[in-house]
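Open your viewer and get ready to select. We will go stop by stop.

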Amino acid sequence: MKVSALFMVIALSLTPLRSYAFGDLFLTSSQRQLINNMRERNGAEWQIQPQTAGTLKINGFYYKSRERQSKSVVWLNGQQVPNTGRFNGGNAQSLNKRDKTVGIKLDGAPRSLSFKAGQKLQLNQLNVVDAYQ
Amino acid sequence: MSIQQMLTEFKVRIIQLLLVTVFAGLILTGAFLYAGDIDKQKADALHQQSQINSDIDRLIEDDNIVRSMSASFLQLKSKGFYAQEDRLAWTEVLKQLSEQLKLPNFKYSISPQKIISNIGSGFQSDLGLAESLMEIEADLLHEGDFVSITEQLSVFAPAVFNVSECHIEKEKLIVLKQIKRNIGLRCTLAWYTVKPLPIQEGEL
């Protein structure tokens, strides 16, 4: 049983890789990855800076599939994000056309998180609420 | 030489010729009959050869089937499918999974084992196939945990199972920085084992 437990630990250590394997379902793959990291550390990987408290709503995004991603437009909190991608509290980084998600890197965060259109992020608690909820 | 003597010699020659002809005819007839028999023997031999070839092909095919089935059987046996069910091992795996995944809540229950007699056409009813239903109720951090649970069960727990029914419910609020229930899971897993039949006398 000890051997199988060891193999199980090894198999479960591959869980982060599996987070990306099946794309977006209820959560996006990067949200699952963040949860996996948090689970390993028994707590959040990073803290939100106090000045960014509030809610970040991903209203939507638009891109033309034949054009480059720089032509895409992202709306956050009812405002169009400028071409630089910079908004108050972070950066809208990239659109994933396959998963239909937008990568957003919040100030202080080590990496970007992908969100589906309509999702809201409660910044102080790092909670995600879907569009229909 | 008189004419009488010449006629007599002619008759003798004619008789000799007739005898030679008859003899040659007999030899030819015998030769044809023998050749005919040889052809028949050759045809029989060829027929036998083709039968042996088809038998060899069939045996090779049977051998391949037996080899592939024995590999499948050994795999099933190694997974504990062909053995008494090992509930303790299942619960051990589930317990370890719950701890590794740090699930806020994880409950399971296993119903008594039932023998399935109505397996389907082409199968013996006394095969000894048994089914045990396992109910799982868990609070997951994300949907990937469900995949981890089924994968780990499939790899480490003995016997063969399938997911009979599942109910997955997403919480309204997804918490990313605390270990909290984000997805609710309620599943029924059906575990299958085949009880080895006792060997009857004279079966070996």
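Select helix 3 of chain A, residues 29-41. Helices (H or I, at least four residues) and strands (E, at least two) are DSSP runs, numbered from the N terminus. Among the buried residues here are A:Ser29, A:Arg32, A:Leu34, A:Ile35 and A:Met38. Buried means that 20 or more other C-beta atoms, placed from the backbone, lie within 10 Å of a residue's own.

This is a predicted model: local features need pLDDT of at least 70, side-chain atom pairs need 80 or more, and totals for chains, interfaces and linings use all residues. Residues count from 1 along each chain as its sequence is written, while chains are lettered from A and ligands numbered from 1 in the order written.

Next, select B:Val93 and B:Leu176. In the largest nonpolar core, of 41 residues, these two touch the most other members. Such a core is a set of buried Ala, Val, Leu, Ile, Met, Phe, Trp, Tyr and Cys residues joined through C-beta atoms within 7 Å. Elements giving two or more residues to this core include helix 3 of chain A and helix 2 (87-100) of chain B.

Last, find the open sheet of 6 strands, in the order 3(A)-2(A)-1(A)-8(A)-9(A)-5(B), with antiparallel pairing. Strands pair if DSSP finds at least two bridges between them. The edge strands are strand 3 (79-80) of chain A and strand 5 (173-175) of chain B. In strand 3 of chain A, A:Gln80 stands opposite A:Trp75.

Notes
The expected span of a helix is 1.5 Å times one less than its number of residues. A residue is buried if 20 or more other C-beta atoms lie within 10 Å of its own, exposed if 12 or fewer, and partly exposed in between; C-beta atoms are placed from the backbone.
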